[in-house]
Amino acid sequence: QEQLVESGGGLVQAGDSLRLSCAASGRIFSSRNLGWFRQAPGKGREFVGAISWSGSGTYYADSVKGRFTISRDNAKNTVYLQMNSLKPEDTAVYFCAAYRVPYRHNYNYPAPSEYDYWGQGTQVTVSS
């Protein structure tokens, strides 16, 4: 059974940085593109960005482009979300998810329905 566990969330001030981690157990991690999503209170799950299974390519939502960076370490079964210049509107629960098809070359899939394994989420709160 695949499991994804996010960590690193917390309360920060606007302009601060935070790095989230997503640790995976199981066999599939290194073969799957991985995505980060977020969900603010009363809103739907929003795509933040994704990284290819090899780590060679990334894709970001316009709302975070230039501020957030996704990376992965397949040897550690971990994917990271580095968030810089945080804004109050970045406040949300952040989730990592594994894309449903292994070794897919294309990784710009923003729809949550394309991902079949999800973590439990970690809260990020940015105060103004």
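Guide: The largest nonpolar core holds 27 residues, a nonpolar core being a set of buried Ala, Val, Leu, Ile, Met, Phe, Trp, Tyr and Cys residues joined through side-chain atoms within 4.5 Å. Within this core, the residues with the most contacts are L20, W36, F68, V79, L81, M83 and Y94. At least two residues each come from β3, β4 (34-39), β5 (46-51), β7, β8, β9 and β11 (122-127); strands (E, at least two residues) are DSSP runs numbered from the N terminus. A second, separate core has nine residues, among them Y99, V101, Y109 and Y115. "Buried" denotes under 20% relative accessible area, "exposed" over 50%, and "partly exposed" in between (1.4 Å probe, protein chains only).

This is a predicted model, in which local features need pLDDT of at least 70 and side-chain atom pairs count only at pLDDT 80 or more, while totals for chains, interfaces and linings use all residues. Residues are numbered from 1 along each chain as its sequence is written, and side-chain values use heavy atoms, with hydrogens and water left out.

Next, the sheet. Four strands form an open sheet in the order β1-β3-β8-β7, with antiparallel pairing; two strands pair if DSSP finds at least two bridges between them. Its edge strands, each pairing on one side only, are β1 (3-7) and β7 (68-73). On average, neighbouring strands of this sheet are turned by 15° against each other, direction ignored, where axes are lines fitted to C-alpha atoms and angles run from 0 to 180 degrees between N-to-C directions. Five bridges join β1 to β3 (residues 18-25) in the antiparallel sense, and Q3 stands opposite S25 of β3.

Strand β3 also contains L18, which counts as buried because its relative accessibility is 14%. Setting aside residues up to four places away in sequence, L18 touches G8, G9, G10, V12, L81, Q82, M83, L86 and V124, contact meaning heavy atoms within 4.5 Å. The C-alpha atoms of L18 and L86 are separated by 8.1 Å, although these residues lie 68 residues apart along the chain.

A covalent link is also present. A search of the whole structure finds one disulfide, that is, a pair of cysteine sulfur atoms within 2.5 Å. The bond joins C22 and C96, with their sulfur atoms 1.9 Å apart. It links distant parts of the chain, C22 being in strand β3 and C96 in strand β9, 74 residues apart. The torsion about the S-S bond of C22 and C96 is about 55°, so the disulfide is right-handed. Both C22 and C96 are buried.

Two loop residues complete the view. D90 sits in the loop between β8 (78-83) and β9 (92-99) and counts as buried because its relative accessibility is 1%. A polar atom of the D90 side chain lies 2.8 Å from the backbone nitrogen of K87. Beyond its neighbours within four places in sequence, D90 is in contact with R38, R67, F68, S85, V124 and V126. N74, in the loop between β7 and β8, counts as partly exposed because its relative accessibility is 26%. Not counting residues up to four places away in sequence, N74 touches F29, S30 and W53.

Notes: Polar contact = N/O pair within 3.5 Å; in protein donor to acceptor, adjacent residues only side chain to side chain.
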